Amino acid sequence: MKEREKFGSRLGFILISAGCAIGLGNVYRFPITTGSYGGAAFVLIYIAFLILLGIPIMTAELAVGRGSQRSIASSFDVLEKKGQKWHWMKGLGFAGNYLLMMFYTTISGWMLIYFFKYLTGEMESVSGAEALGGVFGDMVSNTGLMIGSTFAVILICFAVCSFGLQKGVERITKGMMLALFILMIGLAVYSCTLPKAAEGLRFYLVPSVEHIREAGLWTVISSAMGQAFFTLSIGIGSIAIFGSYIGKDRRLLGESLTIVSLDTLVALCSGLIIFPACFTYNDGVTADAGTVGAGFLFTTLSSIFNAMPGGRIVGTLFFLFMIFAAFSTVIAVFENIMSFWLELTHLNRRTIAIINILLMLVLSLPCIFSLNIWSDITVFGKSFMDLEDYIVSNLLLPIGSLIYVLFCTTRYGWGWKNYYEEVNSGEKGIKVPRWIRPYMTFILPLIILIVLVMSLT
């Protein structure tokens, strides 16, 4: 196998790893869920679970990646003891990354289409929830348009990966992430100047016992736990691959804290964009638990943009922001898929990219067709798109996270000693304390099991 590629800078590692975690769920699912489940109180509980769940699991995944210098395709093979079967985890990693992209690329294509709709002024003449819903319905029912937009996402993002880690993935993702932060801050500042911004910010940033009582305490806790767990894309090796690309000069707890902080910053800033706008142009209505999805993004938010002065510009910038958030995740996961093939075959990056462009397009067709010509076909009561999302989010991510934690903490896997040495390797950054071992060995797996059970009910 060729010498392992490395990032050109620490900034590249941080932004690309954060880009993998930062996705469409941060930009619209987080604020909608916040609006549904108690406002500021939900945010505080969500951050608490990021600390309790997200950061420890991320250190485990990064440690396995850096310790093995491999992707999930062979990392467990390298680190496991003779006769162990942890390497079966690669099947879950393959399935998770491909399944995620089978529907995520299609949704990313929607962002591309709506960006051009706002850029060309097409949306200015559309008013009312029914008319906006009709525009979205016409889009997803157009099979040719859906295939074309999905193919464009796949082609662009695999093309970036084909140029290599530093010249392609690192260079492009750094630019996109910096542009994403600029757009996000600009939109947040604009939104906070709207007439009823103070009401929206009060709901979003000032905890209220009344809001918790209305939503139900256990509902708020369980929702915050689920959102914190699923927002970071941990459990299927999408983060581990970037651990394999970094040196041992910095400890991994500090790197994990930085990645989670950036992910949380984007989520929090998306709320600063959406809540002032909702309270100004939508009478304070954000969403309920049943509208956490495309309907809110393409009807409610679009109607808000159309009601704003200069809404065409705001809408264009917002969907450009969405494109950067979506593409950062797609490129990161495609790089993980690329690494599978590099480790298991003798093919070069460009050949692997061509094969996977065609493969990914074929694999995405069930999701695309479920929106139009196969809309009447369901499996276990779910469309192909919903089924793919359910399997990844509710099964593969928690199961994979549990495996990473057990592998790093028990003597039946890599073991605590090896994990502890790897995660604390380096002279810079925060060390994982020894006293956290009982928590990671016994309590954290139990919490993950609770999340898994909750996600299946």
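Student: How many disulfides does a search of the whole structure find?
Tutor: This is a predicted model, where local features need pLDDT of at least 70, side-chain atom pairs count only at pLDDT 80 or more, and totals for chains, interfaces and linings use all residues. Residues are numbered from 1 along each chain as its sequence is written, and side-chain values use heavy atoms, leaving out hydrogens and water. A disulfide is a pair of cysteine sulfur atoms within 2.5 Å. Searching the whole structure on that basis, the number of disulfides found is 0.

Student: Which cysteine has the sulfur closest to that of Cys 269?
Tutor: Cys 269 is a buried residue, because its relative accessible area is 11% (buried means under 20%, exposed over 50% and partly exposed in between, with a 1.4 Å probe and protein chains only). The closest cysteine sulfur is 8.9 Å away, too far for a bond, and it belongs to Cys 192.

Student: And how far from Cys 408 is the nearest cysteine sulfur?
Tutor: Cys 408 is buried too, with a relative accessible area of 0%. Cys 408 takes part in no disulfide, and the sulfur nearest to it, that of Cys 20, lies at a distance of 18 Å.

Student: Let's step back to the whole chain. How many helices does it have?
Tutor: Helices are DSSP runs of H or I with at least four residues, strands are runs of E with at least two, and both are numbered from the N terminus. By that count the chain has 0 strands, and its number of helices is 19.

Student: What is the radius of gyration of the chain?
Tutor: The value is taken over C-alpha atoms, and the globule rule is 2.2 Å times the number of residues to the power 0.38. For 457 residues, a compact globule would come out near 23 Å, and the chain agrees with that, having 21 Å.

Student: What share of the 457 residues is buried, and what share of contacts joins residues at least 24 apart?
Tutor: Buried residues account for 60% of the chain. A contact means heavy atoms within 4.5 Å. Among contacts between residues at least 6 apart in sequence, the share joining residues at least 24 apart is 83%.

Student: Where is Ser 238, and which residues is it in contact with?
Tutor: Ser 238 sits in the loop between α11 (217-230) and α12 (240-243). Its relative accessible area is 1%, so Ser 238 counts as buried. Setting aside neighbours within four places in sequence, its contacts are Cys 20, Glu 61, Asn 97, Ser 233, Val 333 and Asn 336.

Student: What is the phi of Ser 233?
Tutor: Ser 233 is in the loop between α11 and α12, and at 14% relative accessibility it counts as buried. Most residues other than glycine have a negative phi. Ser 233 is not a glycine, yet its phi is positive, at about 60 degrees.

Student: Is Phe 380 buried or exposed?
Tutor: Phe 380 belongs to the loop between α16 (349-370) and α17 (384-409). Phe 380 also has a positive phi of about 55 degrees, although it is not a glycine. Its relative accessible area is 80%, so Phe 380 is exposed.

Student: Which residues does Leu 187 touch?
Tutor: Leu 187 is part of helix α8 (residues 165-191) and counts as buried because its relative accessibility is 6%. Leu 187 and Phe 321 are 134 residues apart in sequence, with 9.4 Å between their C-alpha atoms. Not counting residues up to four places away in sequence, Leu 187 touches Ile 273, Val 314, Leu 317, Phe 318 and Phe 321.

Student: How far apart in space are Glu 122 and Arg 312?
Tutor: Glu 122 lies in the loop between α5 (89-119) and α6 (129-141). Glu 122 is partly exposed, with a relative accessible area of 42%. In sequence, Glu 122 and Arg 312 are 190 residues apart, while in space their C-alpha to C-alpha distance is 9.1 Å.

Student: Which residues does Val 78 touch?
Tutor: Val 78 is found in helix α4 (residues 75-79), and its relative accessible area of 43% makes it partly exposed. Leu 232 is 154 residues from Val 78 in sequence and 25 Å from it in space, C-alpha to C-alpha. Leaving out residues up to four places away in sequence, Val 78 touches Ser 68 and Arg 70.
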